[in-house]
Amino acid sequence: MEDARLTRRRLLVSTGSGVLGIAVVNTMVGCTSSDEPTGGSSTPGTPDTGSTGSAGAAVAGDWRRVDLAFVSAYVLVRGGEVAVVDLGTEGSADSIEAVLKGAGIGWDAVKHVILTHQHADHAGGLSEVAPLVSASLYAGAADVSSITSTKPLKPVNDGDEVFGLQIVGTPGHTAGHVAVFDPSTGVLVAGDALRATAGLEGPDARYTADMAQAAASVRKLAALDVKTILPGHGAPVTTGAADALTKLAESLK
């Protein structure tokens, strides 16, 4: 997996230009983790690393995971309409499309795209996906100016609602980081506010703009009625998610 990431980084360097190219590479490295567990576990609060089945198989309620090896995007299919949260790195469109097809739908059903934050392993796929969809594109207000897009990005803030989903402002990892909470199912799409590569943790301090803010954001998420956590890095936490999140929040006080 490390070799694959190095290849992608070299590609970004060769296709980037000047400071911008360097910034993209550093951003992607900042969100990358190579320690995602590979074995399954039934221990409450740990990532469910078992197979999610064929592309398009639901992992929690109507939510489907796009497993991009070291990062994930998530697809919500509800009433024939689709919301996608995060788009992975550049080159992830085919993997997202495979999950859509596995659910019996296509790009035309995607009406909402929400980016949890500006980093290239979460927003890098936007350049490919934007031309394929007739969708509203959203990102946290403080991150919008840092995301390159051929279509307008709508800024969202804490408490906003998109497709019945609650936008939760979770600054810290980046200034405009947001999480997405589905109150109807208790599913929390955490972006990089949480990671589950070795048990449930907050964001990596090495790549987080403000750890004090990030810790406050974890405590904020713990106040929600969370049943499942879908992290940006690591596998979904489908067992004991609320308890694990509460313990993490308490440890950060």
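**Figure 1. Strand β9 and its partners in the predicted model.** Strand β9 spans residues 165-169, and four of its five residues are buried, so the rest of the structure largely encloses it. The model shown here and in every view below is predicted. On one side, β9 is joined to strand β8 (residues 161-162) by two bridges, and these strands run antiparallel. Val162 pairs with Leu165 of β9. The two strands form a hairpin with two residues between them. Phe163 sits in that turn and has a positive phi of about 55 degrees. β9 is also joined to strand β10 (residues 178-182) by four bridges, again antiparallel. Here Gln166 has Phe181 of β10 as its bridge partner.

**Figure 2. Asp182, a buried acidic residue in β10.** Asp182 belongs to strand β10. Is this residue buried or exposed? Asp182 is buried, and its relative accessible area is 0%. Its side chain makes a polar contact of 2.8 Å with the side chain of Arg78. Beyond its neighbours within four places in sequence, Asp182 touches Trp63, Arg78, Leu165 and Val187. Two of these residues return in other views. Leu165 is the bridge partner of Val162, and Trp63 pairs with Leu76.

Figure 3. Strand β2 covers residues 63-67. Four of its five residues are buried, so β2 is largely enclosed by the rest of the structure. Strand β1 (residues 58-60) runs antiparallel to β2, with two bridges between them. Ala58 stands opposite Arg64 of β2. Strand β3 (residues 72-78) is also antiparallel to β2, and five bridges join this pair. Within it, Trp63 has Leu76 of β3 as its bridge partner. In a regular strand, side chains alternate between the two faces of the sheet.

**Figure 4. The two hairpin turns around β2.** How many residues lie between β1 and β2 in their hairpin? There are two, and Gly61 in the turn has a positive phi of about 55 degrees. The hairpin of β2 and β3 has four residues between its strands. In that turn, Ala69 has a positive phi of about 80 degrees.

**Figure 5. The seven-stranded open sheet.** Seven strands make up an open sheet with mixed pairing. Their order is β1-β2-β3-β4-β5-β6-β7. Which strands stand at the edges? They are β1 and β7 (153-156). Each has a single partner strand, so one side of each lacks a neighbour in the sheet. From one strand to the next, the twist averages 30 degrees.

**Figure 6. Helix α3 across the sheet.** Helix α3 (residues 93-102) lies across β2, β3, β4 (81-85) and β5 (110-115). Its direction is at about 145 degrees to β2. Following α3 comes Gly104, with a positive phi near 80 degrees.

Figure 7. Ala93, Ile96, Val99 and Leu100 of α3 are buried. Why do they share a side of the helix? They cover an arc of only 125 degrees around the axis, which puts them on the same side of α3. An α-helix has 3.6 residues a turn, so residues three or four places apart point the same way. The buried residues of α3 pack against β2, β3, β4, β5 and α5 (126-129). Asp94 and Lys101, on the other side of α3, are exposed.

**Figure 8. The whole chain, for orientation.** The protein chain contains seven helices and 12 strands. How much of the chain is buried? Of its 253 residues, 51% count as buried. Among contacts between residues at least 6 apart in sequence, 63% join residues at least 24 apart. The chain exposes about 10500 Å², and carbon and sulfur atoms supply 52% of this area.

Note on methods. Residues numbered from 1 in each chain as written. Predicted model: local features only at pLDDT ≥ 70, side-chain atom pairs only at ≥ 80, totals over all residues. Heavy atoms only, no water. Buried < 20%, exposed > 50% of the residue type's maximum accessible area, 1.4 Å probe, protein only. Pairing = 2+ DSSP bridges. Axes fitted to C-alpha atoms, helices over the stretch in contact; angles between N-to-C directions. Contact = heavy atoms within 4.5 Å. Arc of directions from axis to C-beta. Areas by Shrake-Rupley, 256 points an atom, 1.4 Å probe, with all protein chains shown as cover. Polar contact = N/O pair within 3.5 Å; in protein donor to acceptor, adjacent residues only side chain to side chain.
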